[in-house]
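Dear colleague,

Please find below the structure I am handing over to you, with its sequence. My notes on what was found in it follow.

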Amino acid sequence: MNHLQRIGAKSLIGEWLIYSCVWVLAAIARRLPKQLAMRLGSGIGDVLYFTSKRRRNIALENLQIVFGTEKSGRERKKICRENFRNLGKTAVEFLQFPNMTFDNIWAQVTVDGKENLINALDLGKGAIVFLPHFGNWELLALVYGVLLPNRAMAIALPIKNKFLNALIWKYRQHLGLKLIPRHQAVRETLRALRDKFAVGFFADQDAGRDGVFVEFFGEHASAVRGPAALALKTGAPILFSIDVRQCDNRHRVFISPPVELEISGDFEQDVQINTARLLKILEDYVRQFPSQWLWVHNRWKTQPER
């Protein structure tokens, strides 16, 4: 075995060990009652808050950008810690997904705006759903799988650990939603829209140099151009949907009516304006429920060239 093969073998063993730990934690989580599971999730969040210095600092920097003139440092730290707790709860809930069924999911979730989704699909062009990393965003895979049996898909980015990736994709598709790998996104999304599917895009994160620059909380941010661009090209309605964790750790999913698009004839300008419009909806939710957005992501990393 040469040097590269040894490195590959060690990497494979490391991936398998991580997967095994997650599998054991999932087996434990599935046996916990809701209240105890949420206490475990909060505890995991606290551990991450104190041990993940880099992510904590990113979250605090993002909170400074958004709330620097509105909230004190103490308030921002409190939001940050609650945000880590939400992440811990989200992780534990995700590991409990195999317990969810088409019937018992409604003991945990209420949906507002289902009729908006159905009416949009009745137009016959499919539907594009803009989804942010908010509340327990992973739960949306199950919710849409139940709401639209065999008619819901979402774009997903595979992770490097192939063992863990297989488990994550299995859990996300547990109740019928189908995942589209990111590298097949354009072709498969166009096909899905032609077949009158709803296609979800988690499109609130930094999009690098391939994105479109818009103002987000008053700062330049690179945004995913796909949802707005596809809506403009295909005529498919685009909706905004979000999960909000409630005080009792139940969930409320909101589905907006189709977002009215501005169409001037300048395609790039229209992509920019309508993407900004979608992110403005997210801004309103972030201000209302500040501890539930994914602050640990370096959202303003990519800036326009000067």
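A salt bridge here is a side-chain nitrogen of Lys or Arg within 4 Å of a carboxyl oxygen of Asp or Glu. Please note that this is a predicted model. By that criterion, the structure holds 13 salt bridges.

One of them joins the side chains of E93 and R245, at 2.9 Å from N to O. E93 belongs to helix α4 (residues 73-95) and R245 to strand β8, so this pair ties together parts that are 152 residues apart in sequence. E93 is buried, with a relative accessible area of 6%, and R245 also counts as buried, at 8%.

Two further salt bridges each lie within a helix. In helix α8 (residues 185-194), R191 and E188 are three residues apart, or about one helical turn, and their side chains meet at 3.4 Å, N to O. R191 is partly exposed at 41% relative accessibility, whereas E188 is buried at 15%. In helix α10 (residues 267-288), D284 and K280 are four residues apart, again about one helical turn; their salt bridge spans 2.8 Å, N to O. D284 is partly exposed at 41%, and K280 is partly exposed at 41%.

S241 counts as buried, because its relative accessibility is 0%. Its side chain makes a polar contact with the side chain of Y144 at 2.7 Å and reaches the backbone oxygen of F254 at 3.0 Å.

With kind regards

Terms used: Residues are numbered from 1 along each chain as its sequence is written. This is a predicted model: local features need pLDDT of at least 70, side-chain atom pairs count only at pLDDT 80 or more; totals for chains, interfaces and linings use all residues. Side-chain values use heavy atoms; hydrogens and water are left out. Buried means under 20% relative accessible area, exposed over 50%, partly exposed in between (1.4 Å probe, protein chains only). A polar contact is a pair of N or O atoms within 3.5 Å; within protein, one must be able to donate a hydrogen and the other to accept it, and residues adjacent in sequence count only if both atoms are side-chain atoms. Helices (H or I, at least four residues) and strands (E, at least two) are DSSP runs, numbered from the N terminus.
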